[in-house]
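Open the model in your viewer and show it as a cartoon.

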Amino acid sequence: MHVILAALFCLFAACSEESDPEINLLPDSGVRFTLFPNDEAVNDSIAANLAHGVKLQLHPNASYELSFDRSGAEKAPVLQLYRLYEQTETQFKVHKVRELEGEFVGDRIVYRFVCEENEMIYWATSLLDGETFYRGPTKNVKLTGEGAYSDHMSINLVAVGKILPTKDSVDVDSLANLMLKDFRRYYSTIKVDTLYVRYAHEHPTLGKKYPADEPWRAGYSSDDMYLSELGGWPEANLRNALDIVYMHRIEEEGSLGFAALFSGNMGGGKRSTVIVGNRIYAPSLGGEVPLTSKEIVESALHETGHFFGLRHTTTTPGDWEAEGDYSNLEDGIEETPYCINLILGGYMSVNDDEIGGVARKYYFDAKAFEIEDCPDASNVMFPAATELPYEGFSQKQLEIVRKNLMIFPH
């Protein structure tokens with residue numbers, strides 16, 4: 001995404017030497033890449049663009065450390081941070097909010113700050129060396145975040161339209177019980193208090209848009225794949241729950257579910273939901289294939305991992321397209337080795353650019369290698385459905401989920 005910043009900068013910051021003697025170097029990279037909190041991926045594209053501008057996803061009242069390798073530097077560059085105000089899909093206004101001196105901590109250059117905002121926001125970076133952009137190396141960039149929100153959450157399962165029984169004849173209420181049990185089992189570093197079931201046709205203001213007698217097909221029945229308006233259910237005990245939207249199917253071949261990577265958005269708003277289908281869209285098989293309750297619950301577990309900042313253990317072309325970043329092959333976690341055959345074999349397809357999320361996929365045709373032989377195939381965040389039972393998350397994955405839950409307002 002190209003971002004027009006320079007022409008708009010003077011609307012928020014003084015541009016003359018007389019009115020502001022400070023040196024302000026506006027990010028000029030187009031801020032195409034986003035650095036997410038507590039992400040372990042290599043993010044080489046972030047490192048290459050940090051001095052000239054990358055976006056940071058930040059959350060209210062959280063404390064952050066932005067750091068990178070010292071790499072022999074004798075002096076730490078100055079970090080300038082600019083708030084981005086989105087005007088259109090391609091234009092932003094900006095406002096300078098911080099100028100920070102870096103400090104040497106071991107072999108790292110570290111910048112510490114608190115995000116004093118009212119909602120999730122994006123800031124942009126620039127690094128200064130005197131009056132010019134910093135030209136030194138910025139390897140192994142990390143953004144770590146610590147928050148003061150609870151490590152408890154509830155789940156709001158929103159059933160949309162006509163929901164048929166699963167392949168193993170499980171109805172919505174029984175599926176909800178299975179889902180709560182497995183969420184408590186696998187997300188062991190956080191506390192899942194309870195799971196509520198709500199029906200979209202009973203929504204107090206939107207119910208008429210979601211008739212109970214029509215199967216809902218995400219990406220076909222509405223423009224918004226995520227049905228974001230159903231996030232933040234208008235009841236006090238549900239407003240800040242994790243919203244999982246359950247529908248007939250997703251109109252994307254082979255897709256079991258979708259979520260926005262590092263959504264950070266509980267309580268409603270754009271892409272604030274996790275979506276899962278009751279069936280798989282499979283034109284090659286004549287239409288659709290019903291899913292078992294186990295497959296649906298596993299898809300919800302997987303997509304929720306994305307929501308809370310977990311990448312696929314092995315990166316797919318769809319991930320590269322969704323982020324516009326081809327520098328990551330895997331999630332960067334030592335405990336989750338990636339499957340090189342999945343990448344070299346072109347096994348995974350590219351996501352629809354308009355979806356802007358990450359998906360767990362199901363494939364019906366045989367491939368040149370046994371996907372179950374991938375070393376990460378039993379991890380919840382493996383990108384494709386397999387016949388193997390889940391072994392769960394790694395400990396590092398669980399730590400990331402807990403940290404990010406505690407920086408997401410809820």
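Predicted model: local features only at pLDDT ≥ 70, side-chain atom pairs only at ≥ 80, totals over all residues.

Residues are numbered from 1 along each chain as its sequence is written, and side-chain values use heavy atoms, without hydrogens and water.

**Stop 1: the sheet.** Select β6, β7, β3 and β10. They form an open sheet of 4 strands in the order β6-β7-β3-β10, with antiparallel pairing. The edge strands are β6 (103–105) and β10 (142–146), and each pairs on one side only. From one strand to the next, the twist averages 35°. Strands are DSSP runs (E, at least two residues), numbered from the N terminus; helices are runs of H or I, at least four residues. Two strands pair if DSSP finds at least two bridges between them. The angles run from 0 to 180 degrees between N-to-C directions, with axes fitted to C-alpha atoms.

Now select 63–69 and 108–114. These are β3 and β7, antiparallel and joined by 7 bridges. Find leucine 66: tyrosine 111 in β7 stands opposite.

**Stop 2: the hairpin.** Select 273–282 and 287–290. Here β16 and β17 run antiparallel, with 4 bridges. Tyrosine 281 has glutamate 288 in β17 as its bridge partner. The hairpin has 4 residues between its strands, and glycine 286 in the turn has a positive phi of about 95°.

**Stop 3: leucine 329.** Look in the loop between α5 (317–323) and α6 (340–344).
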